[in-house]
2 protein chains.
Amino acid sequence: MSSTTGDVKVDFGDDGLVPAVAQDADTGEVLMLAYADEEALARTRETGRAHYRSRSRDELWEKGATSGHVQEIEEVRVDCDADALLYLVDQTGGACHTGYRSCFHRTVDGETVGERAFDPEDVYE
Amino acid sequence: MSSTTGDVKVDFGDDGLVPAVAQDADTGEVLMLAYADEEALARTRETGRAHYRSRSRDELWEKGATSGHVQEIEEVRVDCDADALLYLVDQTGGACHTGYRSCFHRTVDGETVGERAFDPEDVYE
């Protein structure tokens, strides 16, 4: 049974950012974690493509705008406290700038477990 | 091909915290997002049970210590920038205090899409 109660008011907190996890909608693989502000979430919902807020560049960031490795949005979910987002996406190429499909391609023990999707030298200049 | 290069040095940043995403190791369902500090990560690795840092209570938090809804760790992954963690877990009961299996049981449009795992009144007093 599903019910709709209208848009969830996202709690962007003091810094205006919430973590946003991108997950492959087909395979369930967790691809990356970045941050979204109100503008990034609004652009994501309007365009159907994942947008984030780049903390290092302090700007709106459309994932894949440079690399072509865009994320088409299947669904945006929000957690119980409304302070974290889950983007269910159809990922073109790979999510990670290192060439892996997922940014979570290593265990904390240092073992590489992820799959390479592309050669970063072919994508980023 | 996998390679091991030794423990990854996690970047806990200025506030000493990194986001930690818990994912069901079997189904791939993203269960919750919380935060870990160095102590929580160390306890997680030592005990094989997911630990976090509670930001509201400002204390170490073993998931399920009160509710019994523990998360047995299958693997801990770290992202490319080493500033986010992914816990692959075997979740007992449900991850969400509201009774849902996942904290991400709603779309941002307000539609409930998650599955109930327990009645919170039976678990929390």
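Below is a short chat about a predicted model with chains A and B.

Q: Quick start. How are chain A and chain B related in this model?
A: By a rotation of 180 degrees, with 0.0 Å of shift along the axis. That superposes chain A on chain B with an RMSD of 0.0 Å. The two copies are therefore related as by a two-fold rotation axis.

Q: Which C-alpha of chain A is nearest the axis?
A: The one of A:Gly28. It is 2.6 Å from the axis.

Q: And the interface? What share of chain A's interface residues are also interface residues in chain B?
A: 100% of them. So the copies meet through the same surface.

Q: Okay, sheets. What is the strand order in the one that starts with β2(A)?
A: The order is β2(A)-β1(A)-β6(A)-β5(A)-β7(B). These 5 strands form an open sheet, and the pairing is mixed.

Q: Which strands are at its edges?
A: β2 (30-36) of chain A and β7 (106-107) of chain B. Each pairs on one side only.

Q: How do β1 and β2 of chain A pair, parallel or antiparallel?
A: Antiparallel, over 6 bridges. β1 covers residues 18-24 of chain A. For one residue pair, take A:Ala22: its bridge partner in β2(A) is A:Met32.

Q: What holds paired strands together in general?
A: Strands of a sheet pair through backbone hydrogen bonds.

Q: Where does helix α1 of chain A lie?
A: Across β2, β5 (71-78) and β6 (85-91) of chain A. The helix is residues 38-47, and it runs at about 40 degrees to β6(A).

Q: Now the sheet with β7(A) in it. What is the order there?
A: β7(A)-β5(B)-β6(B)-β1(B)-β2(B). It is an open sheet of 5 strands with mixed pairing. β7 (106-107) of chain A and β2 of chain B stand at the edges. Each has a single partner strand, so one side of each is left without a neighbour in the sheet.

Q: How many bridges join β5(B) to β6(B)?
A: 7, and the two strands run antiparallel. In one of the pairs, B:Ile73 has B:Val89 in β6(B) as its bridge partner. α1(B) packs on this sheet, touching β2, β5 and β6 of chain B. The helix direction makes about 40 degrees with that of β6(B).

Q: Change of topic: cores. How many residues are in the largest nonpolar core?
A: 27. Those with the most contacts inside it are B:Val10, B:Met32, B:Tyr52, B:Leu85 and B:Tyr87. The elements of chain B that give two or more residues are β1, β2, α1, β5 and β6. β2(B) gives the most, with 4 residues.

Q: What lies apart from it?
A: Another core, of 26 residues. Among them are A:Ala22, A:Tyr52, A:Cys96 and A:Cys103. A:Ala22 also came up as a bridge partner of A:Met32.

Q: What does UniProt place at residues 32-105 of chain A?
A: The feature "domain: Phosphoribosyl-AMP cyclohydrolase", from an unreviewed entry. The end C-alpha atoms of that span lie 10 Å apart. The span is 14% helix and 38% strand.

Q: Where does UniProt put the "binding site" feature?
A: At A:Asp79, A:Asp81 and A:Asp83, again from an unreviewed entry.

Q: Which residues does A:Asp81 touch?
A: A:Asp11 and B:His97, leaving out residues up to four places away in sequence. A:Asp81 sits in the loop between β5 and β6 of chain A. At 46% relative accessibility, it counts as partly exposed.

Q: And A:Asp83? Which residues does that touch?
A: A:Asp11, A:Val18, A:Pro19 and B:Arg55, not counting residues up to four places away in sequence. A:Asp83 also lies in the loop between β5 and β6 of chain A.

Q: What about A:Ala82: what is its phi?
A: Positive, about 60 degrees, although it is not a glycine. Most residues other than glycine have a negative phi. A:Ala82 lies in that β5 to β6 loop of chain A.

Q: Is A:Ala82 buried or exposed?
A: Buried, because its relative accessible area is 7%, under the 20% cut-off.

Q: Which loop holds B:Asp58?
A: The one between β3 (51-54) and β4 (59-62) of chain B. B:Asp58 has a positive phi too, of about 50 degrees, and is not a glycine. With 54% relative accessibility, B:Asp58 counts as exposed.

Definitions and conventions
Residues numbered from 1 in each chain as written. Chains lettered and ligands numbered in written order. Predicted model: local features only at pLDDT ≥ 70, side-chain atom pairs only at ≥ 80, totals over all residues. Heavy atoms only, no water. Core = buried A, V, L, I, M, F, W, Y, C linked by side-chain atoms within 4.5 Å. Buried < 20%, exposed > 50% of the residue type's maximum accessible area, 1.4 Å probe, protein only. Pairing = 2+ DSSP bridges. Contact = heavy atoms within 4.5 Å. Axes fitted to C-alpha atoms, helices over the stretch in contact; angles between N-to-C directions. UniProt positions renumbered as here; feature names shortened; annotations may be inferred. Least-squares fit on C-alpha atoms with pLDDT ≥ 70 in both.
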